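Subject: Structure handover

Hello,

Here is the structure I said I would pass on. Please look through the sequence and the model, then read the notes below.

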Amino acid sequence: IPDNHQLHVFLFPVMAQSLIIPMVDVARLFAARGLKSTIITTPLNAMNVSKSVERDRLSGLNINVQIIPFPGVEAGLPEGIECLNEITSPEMMPKFFRAMDMVQEPFEKLLEEHRPDFVVAGMFLTWATESTAKFGIPRFVFHAANFFYLSAKESLRLHKPYETIRTDHTDENSSSLFVIPGLPDKIKMSTAQIPSHSESSNFFVEMKKKISESEVNSYGILVNSFYELEPAYAEHYKIVLGRKAWHIGPISLLNEHAADKAQRGKKSAIDEHYVLKWLDSKEPNSVLYVSFGSVSRVNDNQLLELAMGLESSGCSFIWVVRKIKKDDEERFLPTGFEERVKGRGLIIRDWAPQLLILDHQAVGGFMTHCGWNSVLESISAGVPMITWPMFADQFYNEIFITQVIKMGTPLGPKEHNWLDSKNVSLVKNDKIEMVVSWLMGDGEEAKDMRKRAKEISEMAKKSVEEGGSSYANLTNLIEEMRIYTNK
Ligand code: UDP
């Protein structure tokens, strides 16, 4: 494609593993369709981003990495923090986002210099709508989320159904339950599961308001989901709520090579060949993968219950234990645990090659914190889930998994808990054992769930292939940008 006819897209995520990872996938998606993709990142994240696209560049895709300074120290953060995942206290959050806001000026300089044809910026970068407008460049919001969540969130924002009920109960069975108005299904939620009810600071409330506004004012919204997964909600969001949105996922399916699957975000803490060999030695659908994502914290008491539950379930498992700092002590493992589960339990400390694990036929279940990237990766791989949400959109995703697509069973506590997980209610080991044994066992219901998971996974794969719904939607979007820019 001659340079003056090639569309150029800027991709700008907030610096967090789980936001950078899908944005790299989106960059690849556009480049695979002949566009020039430029990923904007900060100095300390640049190496991982460059590594993630190394193979694509070698194979001729036009993907570039552009570095922008990150004013963390100026915003009050300790030296060396450029990623949300390194944040250790809730107080650091607003500072991190202040730093992301301060990037607006250098970002506008880049826009002026490079004049991309359109920009895809993560939902938290609300100012990007205003910046791009200065140059007449369309801005798309990228949501690492599904239509169900986007629709439910809008419903709550517009109708505030929780205001008419008592909010002092956190018990699921109490009067704090309400129905989310106007959705295609009758979905019940409890006030304890909504972030703004348990957040002490106005920061998040304010942030959510800005996100909603910038969604309305942007050119459109890119959604990492596929039509067949949630047709009623895709229609609801686009037609009833009237949002200009494109479904382009599951974008992780573009990682075809084992090496790309093994290296997403960060280098994995374990040799991927070892993990694959370990999985090869297991029966199909016999291993439970346990991971709570890249941000969530689970307190030591809960981890101990989890260890005991996994042990007594008798099931094979891979458990990712996340470390924040290198010297974090592990106080939660029962004495002799690793020795007793040797051969059937594999613990990965820090970063796991998640896609590679989920795609292995030995994996038959995923105990997940319900971060949307993880959930969609599980859906794509046809692996049913045990849900353990903690904050943000994760409770909506739990409802989506267990009530809408019925591809999982709930286990985690029913209250929102963010970074500080000390006061959250404890899930006891016998309950963990019961749920794990149920999902991994050969009862009729579990078998049905596995079957449905495989069917949904087939639909996911078809949607991104030529002729599939996500493929076609992306074609429409690119065509629209060609017309818009006259290229
Ligand atoms: N991930 C990974 N290895 C890990 C933990 C996470 O590869 O040990 C990836 C995972 O595959 C997903 C992303 O990081 O793509 C996590 O995003 P998600 O939305 O699931 O959760 P978050 O980290 O935002 O809570």
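Strand β5 (residues 139–143) is largely enclosed by the rest of the structure, because five of its five residues are buried. A residue is called buried if 20 or more other C-beta atoms lie within 10 Å of its own, exposed if 12 or fewer do, and partly exposed in between, with the C-beta atoms placed from the backbone. Helices (H or I, at least four residues) and strands (E, at least two) are DSSP runs, numbered from the N terminus.

Before going further, two remarks on the model. It is predicted, so local features need pLDDT of at least 70 and side-chain atom pairs count only at pLDDT 80 or more, while totals for chains, interfaces and linings use all residues. Residues are numbered from 1 along each chain as its sequence is written.

Strands

In a regular strand the side chains alternate between the two faces of the sheet. In β5, R139, V141 and H143 point one way and F140 and F142 the other way, and all are buried. Strand β4 (residues 118–122) pairs with β5 in the parallel sense, over four bridges. Two strands pair if DSSP finds at least two bridges between them.

Strand β10 (residues 287–291) runs parallel to β13 and is joined to it by five bridges; L288 stands opposite G365 of β13. Strand β14 (residues 385–387) also runs parallel to β13, with three bridges between them. There, F366 has M385 of β14 as its bridge partner.

The ligand

Which residues are closest to the ligand? They are S18, G293, S294, G371 and S374, out of 22 residues that surround the ligand. A residue is near a molecule or strand if its C-beta atom, placed from the backbone, lies within 6 Å of it. Helices α1 (17–32), α14 (354–358) and α15 (372–381) each supply at least two residues of this shell, and α15 gives the most, with four. By type, the shell holds eight nonpolar, 12 polar and two charged residues. Here Ala, Val, Leu, Ile, Met, Phe, Trp, Tyr, Cys and Pro count as nonpolar, Asp, Glu, Lys and Arg as charged, and the others, Gly among them, as polar.

In soluble globular proteins, nonpolar side chains tend to be buried together. The largest nonpolar core in this model has 124 residues, and L11 and A27 have the most contacts inside it. Helix α1 provides the largest share of this core, 10 residues. A nonpolar core is a set of buried Ala, Val, Leu, Ile, Met, Phe, Trp, Tyr and Cys residues joined through C-beta atoms within 7 Å. Not counting residues up to four places away in sequence, A27 touches L11, S37, I39, V53 and I63. Two residues are in contact if their C-beta atoms, placed from the backbone, lie within 7 Å.

Helix α12

Helix α12 (residues 300–313) has 14 residues and reaches 20 Å from its first C-alpha to its last, close to the 20 Å expected at 1.5 Å a residue. That expected span is 1.5 Å times one less than the number of residues. Its buried residues are Q302, E305, L306, A307, G309, L310 and S313. The elements covering them include β11 (316–321), α13 (337–340), β12 (345–349) and α17 (429–440). Just after α12, G314 takes a positive phi of about 75°.

L426 lies in the loop between β15 (408–410) and α17. Leaving aside its neighbours within four places in sequence, L426 is in contact with N301, Q302 and E305. L426 counts as exposed, because it has 12 C-beta neighbours inside 10 Å.

Backbone details

Where is the cis peptide bond that has an omega of about 0°? It joins G249 and P250, and P250 is in the loop between β9 (245–247) and α10 (258–262).

D350, a residue other than glycine, has a positive phi near 85°. D350 sits in the loop between β12 and α14 and is partly exposed, with 16 other C-beta atoms within 10 Å. N486, again not a glycine, has a positive phi near 65°. N486 is in the segment after α19 (469–485) and counts as exposed, with 7 C-beta neighbours inside 10 Å.

Regards
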